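I opened my notebook for a friendly walk through this model. Here is what I looked up, entry by entry.

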Amino acid sequence: MSNLSELDFIWEISQTLSCNVLSDEITYGLQNIFRKYMGVDTVNIIFYDNEQEIFLNFNSKTPFPTQIEEKIYKNVFQKINSTIRLNFILNDQFFVINDDFHLEYKIKLNKGSNKFYIPLMQNYKCIGFLELLQDFNKEDAVTKDMVKVLFIAASEVASVVTNKKLTDKISKIADFYKAQKNIAKILETQYEYSFLIPVIGEILDNFAKDYFAYIFMKNKNGKFELAWPLRYDKKRLKPMLEHVSVKNRITINQDGTAVLFPIYFENILQGAIIIDGKSRKILREDIDFLMQLSIQTATTLDKAGVYAEIEKYATQDALTNLNNRRSLDLRINQEVAVAKRKSLPLCVMMLDVDFFKKINDSYGHYVGDVVLKKFAQIINDEIREYDFAARYGGEEFFIILPSTTLNEAKLVANRLRERIENENFDISKFNDDVKFLKITTSIGLVSLLPDMDVKNLYVKVDKALYEAKKTGRNKVIVL
């Protein structure tokens, strides 16, 4: 390198490190610069995590070294830490730099492949090293100025690595507390496992972005069944479920790429969460966080079971103040019996909030609760005193219209749909950027026929709602 190109090299290194945030972007930028000025083919930023006692690749796409690489890195790290003087390794040779930064002779590069290891120093402590892989078609030499430039670049990289690790750790802690809070909070709106488990699964997935989360619950026969998501790698994960021990709070597979967290209710094993890294090892700090989230999950599901049992004897939904599912089941049986005995018309409608999951994902569950409460209030406003409205579950609602013909029911359904479409849902208390949301609803409508029973009525109106959603939403479908 000439003096001018050395200055340009350092300048471009500084710009890349200051202008990029993502690990893989930084690595990619450095690799281009090293290739341009020094003919380096590959740049790896390797740092040593003291807490977990492992080597990590700064490039987020390849976080872990292979077993062969890890053996090499251990040897390099030991050599670099064997002296307090500046040093570097080139092709398995260890070079120590004197106080006046004097190289006793020009160090020859191989004709072929070369490996540079430059220490990353922070606060007089080695935190890792730069690995430079380089191929040459002709012999060349390492100069004193070239080594100085590499140490300056390594110093800047060390600062970025340290700051990035600290930022990532703070962010991970914040994400953990948010996930823990969200798992606890979902009890405010629903107690049914069919609703709770998918929401908890998504929270775990969002927290452990580099891994895959699976939730299993024990069935009546005491066997584990996948509760979320729809499928899993049985060959890989089922053996872990067959060896769950009451003595162990966690079970880690042989290569450390999957961890099982048992779910206990009152010291009785009820389920399990498996976090699968596929080809990635599960980091020790992630295991600690995930164990706490699994305990919170167990607490939430346990309380849900207790609350659901209590709610069996209640008649009102806690969030919306509409009737609950239990009271709906009782009322619909009564209304169908009366309609058949007296030959009276009867209609039912089932409706839900369009794209409700997107609302929760975009604005949070507090906003979702606001939408459900307002939605329920509009239903109450639009129906008659002798009509019956209930929260069916989640974002689904059910309305019974006694002594109502199908044409009359259509008017009610369309009036309700238009009212919801035109309403402004105020979320300003929970969001600074968006003050109001516009919501639509899909409605299935069915009239009781002489040969129908309650079960048929439920199935048919559910099918009508499904058709309304499938064919575009914000509409009324009559079956």
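**Charges over rings.** I count a charge as sitting over a ring if NZ of Lys or CZ of Arg is within 6 Å of the ring centre and within 35 degrees of the ring normal. By that rule I found Lys 278 over the face of Phe 212, 5.3 Å from the ring centre. I also noted Arg 325 over the face of Tyr 458, at 5.7 Å from the ring centre.

**Ground rules.** The model is predicted, so I kept local features to pLDDT of at least 70 and side-chain atom pairs to pLDDT 80 or more, while totals for chains, interfaces and linings use all residues. Residues are numbered from 1 along each chain as its sequence is written, and side-chain values use heavy atoms, with hydrogens and water left out.

**Strand E9.** Helices (H or I, at least four residues) and strands (E, at least two) are DSSP runs, numbered from the N terminus. For burial I used under 20% relative accessible area as buried, over 50% as exposed and in between as partly exposed (1.4 Å probe, protein chains only). I looked at E9 (residues 212-218) and found five of its seven residues buried, so the strand is largely enclosed by the rest of the structure. Two strands pair if DSSP finds at least two bridges between them. E9 pairs with E13 (residues 268-276) in the antiparallel sense over six bridges, and Phe 212 has Asp 276 as its bridge partner in E13. E9 also pairs with E10, again antiparallel, over four bridges; here Met 217 has Glu 225 as its partner. E9 and E10 form a hairpin with five residues between them, and Gly 222 in the turn has a positive phi of about 80 degrees.

**The open sheet.** What is the order of the six strands in the open sheet? I read E2-E1-E7-E6-E3-E4, with antiparallel pairing. The edge strands, each pairing on one side only, are E2 (54-57) and E4 (93-96). I noted an average twist of 25 degrees from one strand to the next. Axes are lines fitted to C-alpha atoms, for helices over the stretch in contact, and angles run from 0 to 180 degrees between N-to-C directions; contact means heavy atoms within 4.5 Å. E1 and E2 run antiparallel and are joined by four bridges, with Leu 56 in E2 as the bridge partner of Phe 47. Helix H2 (residues 23-38) packs on the sheet and touches E1 and E7, its direction making about 135 degrees with that of E1. H4 lies across E1, E3 (87-90), E6 and E7, running at about 55 degrees to E6.

**Nonpolar cores.** I took a nonpolar core as a set of buried Ala, Val, Leu, Ile, Met, Phe, Trp, Tyr and Cys residues joined through side-chain atoms within 4.5 Å. The largest has 75 residues, and those with the most contacts inside it are Phe 9, Phe 34, Phe 88, Phe 116 and Leu 130. Helix H4 (residues 144-185) gives the most to this core, with 14 residues. A second, separate core of 32 residues includes Leu 322, Leu 401, Ala 413 and Ile 420.

**Aromatic pairs.** Rings of Phe, Tyr and Trp (its six-membered ring) pair if their centres lie within 6.5 Å; planes under 30 degrees apart count as stacked, over 60 as edge-to-face and the rest as tilted. I have 23 aromatic pairs in the structure. One of them, Tyr 48 with Phe 77, is tilted, at 5.0 Å centre to centre and 35 degrees between the planes. Tyr 48 lies in E1 (residues 40-49) and Phe 77 in helix H3 (residues 67-80), so the pair ties together parts that are 29 residues apart in sequence. Tyr 48 is buried at 17% relative accessibility, and Phe 77 is buried at 14%.

Most residues other than glycine have a negative phi, and most peptide bonds are trans. Asn 123 is exposed at 69% relative accessibility. Tyr 124, found in the loop between E6 and E7, has a positive phi of about 60 degrees although it is not a glycine, and it counts as exposed at 84%. The peptide bond from Trp 228 to Pro 229 is cis, with omega near -5 degrees; Pro 229 sits in the loop between E10 (224-228) and helix H6 (234-241).

**Ser 294.** Is Ser 294 buried or exposed? At 2% relative accessibility, Ser 294 counts as buried. I placed Ser 294 in helix H7 (residues 284-311), in contact with Phe 261 and Ile 273 once its neighbours within four places in sequence are left aside.
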